[in-house]
Amino acid sequence: MNPSEQRAAGEAAGDDDRSCATIVVARWAGYCYGVERALRIAEEAGVALAPPIYTLGPLIHNPSVVERLARRGIAAIDDLDQVARGTVIVRTHGVDPEVVAAAQARGLAVIDATCPFVNVAHQKAEVLREQGYIPVILGERDHPEVVGLLAWAGPKAVVVEDADELRLRDMRGKRVGVVVQTTQTRDNLARLVSRLAPAARETLVFNTICDATGKRQAAAQQLARSVDVVIVVGGRNSANTTRLTSLCRVIQPRTWHIETAAELEGAWLAGARRVGVTAGASTPEDEIDAAVARIRELVGQ
Ligand code: SF4
């Protein structure tokens, strides 16, 4: 359990009953292993290496963290064409291997901060391609992790965002393999497999949803069942944070997604006796703490 998880567990266990509103932080919330690792790699590079240092895309999907890195001289770029020299850090979501080759061909040093769980998904996608399956990737088409997965899965791969998108007529009688964006929900995977398996001749499923995602989703759902309002903290461009929001909202319609504590509105908390707080895997501990502190202010604790 990382420090934010220990803090979250402690808050959850010791609900604060000093006023009419209790604030409960999800059992699992905030930075995951892959994000902590990527930040450590970037910070160590910032100390050890000569500038310029860049990340290819934002290192993680949290604007304030990306700004902090930029202030330390580690700027996010969108395209290799923007740099002529220096070091490029590949972010947690991974990239098409051709991008790494292109960076090296330009003489750039490359540091790979791809999350090991995303690397596993890459390997599984490659297995599907090499063994002649039609790879089906369950994930958000434009998400950088899925773009990278597609490159590993090869030209026959198809991406579906949910089970209903799957064109069964293209799968009938075929050998079809499934690999999953690490932040997808298990329910989405179950729906896809139950639709696909009766149609395909053979179905090989790699469940590459990462444990951190599953734990945060389960904890957020448990939280949503026990509170009157849910506050989800994290970047709006963070897939796992927005998924936490939608999962919670199904259970508790009074669910709000904020990037920073300053966005919290007192009206959202009106009449709530229990307020739940959860956060995506790219949300730093200080932003969770700031949200909790602001909720305390708004409910008059
Ligand atoms: S959510 Fe999972 S796959 Fe994504 S960076 Fe974190 S540990 Fe890695």
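1. On a 1 Å grid over the protein atoms alone, a cavity is a set of points where a 1.4 Å probe fits but cannot get out. A molecule sits in a cavity if more than half of its atoms lie within 2 Å of its grid points. In this structure, the ligand takes up the space of the largest cavity.

2. Some notes on the model come next. This is a predicted model, in which local features need pLDDT of at least 70 and side-chain atom pairs count only at pLDDT 80 or more, while totals for chains, interfaces and linings use all residues. Residues are numbered from 1 along each chain as its sequence is written, and side-chain values use heavy atoms, with hydrogens and water left out.

3. Around the ligand are Cys32, Gly34, Cys115, Phe117, Thr182, Cys210 and Thr213; a residue belongs here if one of its heavy atoms lies within 4 Å of the ligand. By class, four residues of this shell are nonpolar, three are polar and none is charged. In this scheme Ala, Val, Leu, Ile, Met, Phe, Trp, Tyr, Cys and Pro count as nonpolar, Asp, Glu, Lys and Arg as charged, and the others, Gly among them, as polar.

4. How many disulfides does the model have? The count is zero, where a disulfide is a pair of cysteine sulfur atoms within 2.5 Å. Cys248 is in no disulfide, and the nearest cysteine sulfur, that of Cys210, is 17 Å away. Cys248 counts as buried, at 0% relative accessibility, and Cys210 is buried too, at 12%. Buried means under 20% relative accessible area, exposed over 50%, and partly exposed in between, with a 1.4 Å probe and protein chains only.

5. Gln184 is placed in the loop between strand E8 (175–180) and helix H7 (186–196). Helices (H or I, at least four residues) and strands (E, at least two) are DSSP runs, numbered from the N terminus. Gln184 has a relative accessible area of 2%, so this residue is buried. Its side chain makes a polar contact of 2.9 Å with the side chain of Asn188. A polar contact is a pair of N or O atoms within 3.5 Å; within protein, one must be able to donate a hydrogen and the other to accept it, and residues adjacent in sequence count only if both atoms are side-chain atoms.

6. Thr114 is in the loop between strand E5 (109–112) and helix H5 (116–130). Is Thr114 buried or exposed? With a relative accessible area of 3%, Thr114 is buried. A polar contact of 2.5 Å links the side chains of Thr114 and Asp112.

7. Helix H4 (residues 97–105) has a feature at its start: a side-chain oxygen of Asp96 comes to within 2.8 Å of the backbone nitrogen of Glu98. Just after H4, Gly107 has a positive phi of about 90°.

8. Pro51 and Pro52 are joined by a cis peptide bond, with omega about 0°. Pro52 lies in the loop between helix H2 (33–48) and strand E2 (53–56).

9. Glu161 belongs to the loop between strand E7 (158–160) and E8. At 31% relative accessibility, Glu161 is partly exposed. Glu161 and Gly139 are 22 residues apart in sequence, and their C-alpha atoms are 5.0 Å apart in space.

10. Ile251 is part of helix H9 (residues 239–251) and is partly exposed, with a relative accessible area of 29%.

Notes: On a 1 Å grid over the protein atoms alone, a cavity is a set of points where a 1.4 Å probe fits but cannot get out, and a pocket is an open set with protein on both sides within 12 Å along at least five of seven lines; lining residues have an atom within 4 Å of a point.
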